[in-house]
Amino acid sequence: MRFLKGARLLVVAASVALSIPAVQAAEGDSFPNASMGVIDVQQILSEATSAQGARAARDKYLESYSVQARKEEQALHDAQAKLAREADQGSDAFKKKRQDFEKKVNAFQTKFSALRQNLDRAMAQALGQVQDAIINKSNEVAGERGINLVLYRNQVLLFDPRMSMTDEVLKRVNAELPSVTFPDPESLAKKQPAKASK
């Protein structure tokens with residue numbers, strides 16, 4: 001009897017095992033097989049003419065700000081040297097001059113910190129246009145190649161070079177978006193919403 005029970009269990013297990021591939025096949029019909037593509041977004045952001053133009057525009061602003069900062073730093077340095085030569089450094093008049101100088105230093109630091117932040121925001125907006133184009137063109141290429149899963153290059157250790165979409169996407173981004181408008185950082189500063197008062 002034990003032998004018959006064991007035999008029955010084997011038959012049931014075998015029939016379940018034989019039915020699994022059929023179930024998996026039925027489920028597989030409704031779920032697509034992965035067809036992968038690989039894209040190097042950093043390479044595209046480095047080589048796209050629009051991104052290169054944005055970096056060149058940013059560098060021009062940086063150079064202009066650096067020249068302006070050097071002039072103002074020199075003026076502050078001269079003012080500090082003049083204060084150091086004052087004879088009566090304990091007087092109220094000297095203390096007032098010292099306070100005025102410290103206000104100028106703080107204003108200088110605040111001004112150039114804000115300029116740098118607005119320049120970063122302008123660069124982010126310009127590159128945002130390039131990134132939008134990368135997404136659109138990646139979608140196009142993926143659709144044409146029947147790709148339903150796109151991975152970043154830095155997520156993949158090894159892959160067949162035929163899976164790379166980078167060159168084709170770069171070519172299309174350059175064709176559609178040869179340049180971008182780089183926002184004026186000063187105008188971005190004016191558009192910032194006022195902070196709510198507490």
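Mentor: Keep in mind that the model is predicted.

Trainee: OK. Where is Lys 137 found?

Mentor: Lys 137 sits in helix 4.

Trainee: And is Lys 137 buried or exposed?

Mentor: Buried. Its relative accessible area is 8%, and the cut-off for buried is under 20%.

Trainee: What about Val 141, buried or exposed?

Mentor: Val 141 counts as buried too, because its relative accessible area is 2%. That residue also belongs to helix 4, which covers residues 92-145.

Trainee: Which residues is Val 141 in contact with, leaving aside the neighbours within four places?

Mentor: Met 165, Glu 168, Val 169 and Arg 172. Take Val 169: it lies 28 residues from Val 141 in sequence, yet the two C-alpha atoms are 7.0 Å apart in space.

Trainee: Now the helices themselves. At what angle do the axes of helix 4 and helix 5 cross?

Mentor: Roughly 130 degrees, and the axes come within 9 Å. Helix 5 is residues 166-176. That angle makes helix 4 oblique to helix 5, since roughly antiparallel would need over 145 degrees.

Trainee: Is the crossing left-handed or right-handed?

Mentor: Right-handed for helix 4 and helix 5.

Trainee: Which residues make the contact?

Mentor: From helix 4, you have Ala 133, Ile 134, Lys 137, Ser 138, Glu 140, Val 141, Glu 144 and Arg 145. Helix 5 brings Glu 168, Val 169, Arg 172, Val 173 and Glu 176.

Trainee: How many of those are nonpolar, polar and charged?

Mentor: In the contact of helix 4 with helix 5, five are nonpolar, one is polar and seven are charged.

Trainee: Changing topic: what does the secondary structure of the whole protein come to?

Mentor: Six helices and two strands. Along the sequence they follow the pattern α-β-α-α-α-β-α-α.

Trainee: And how much of the protein counts as buried?

Mentor: 24% of its 198 residues. The accessible surface is about 14300 Å², with 56% of that belonging to carbon and sulfur atoms.

Trainee: Last one: among contacts between residues at least 6 apart in sequence, what share joins residues at least 24 apart?

Mentor: That share is 85%. The pair we looked at, Val 141 and Val 169, is 28 residues apart in sequence.

Notes: Residues numbered from 1 in each chain as written. Predicted model: local features only at pLDDT ≥ 70, side-chain atom pairs only at ≥ 80, totals over all residues. Heavy atoms only, no water. Helix = DSSP H or I, 4+ residues; strand = E, 2+ residues; numbered from the N terminus. Buried < 20%, exposed > 50% of the residue type's maximum accessible area, 1.4 Å probe, protein only. Contact = heavy atoms within 4.5 Å. Areas by Shrake-Rupley, 256 points an atom, 1.4 Å probe, with all protein chains shown as cover. Axes fitted to C-alpha atoms, helices over the stretch in contact; angles between N-to-C directions. Parallel < 35°, antiparallel > 145°, perpendicular 65-115°, else oblique. Left-handed = near helix turned anticlockwise from the far one by under 90°. Nonpolar A, V, L, I, M, F, W, Y, C, P; charged D, E, K, R; others polar.
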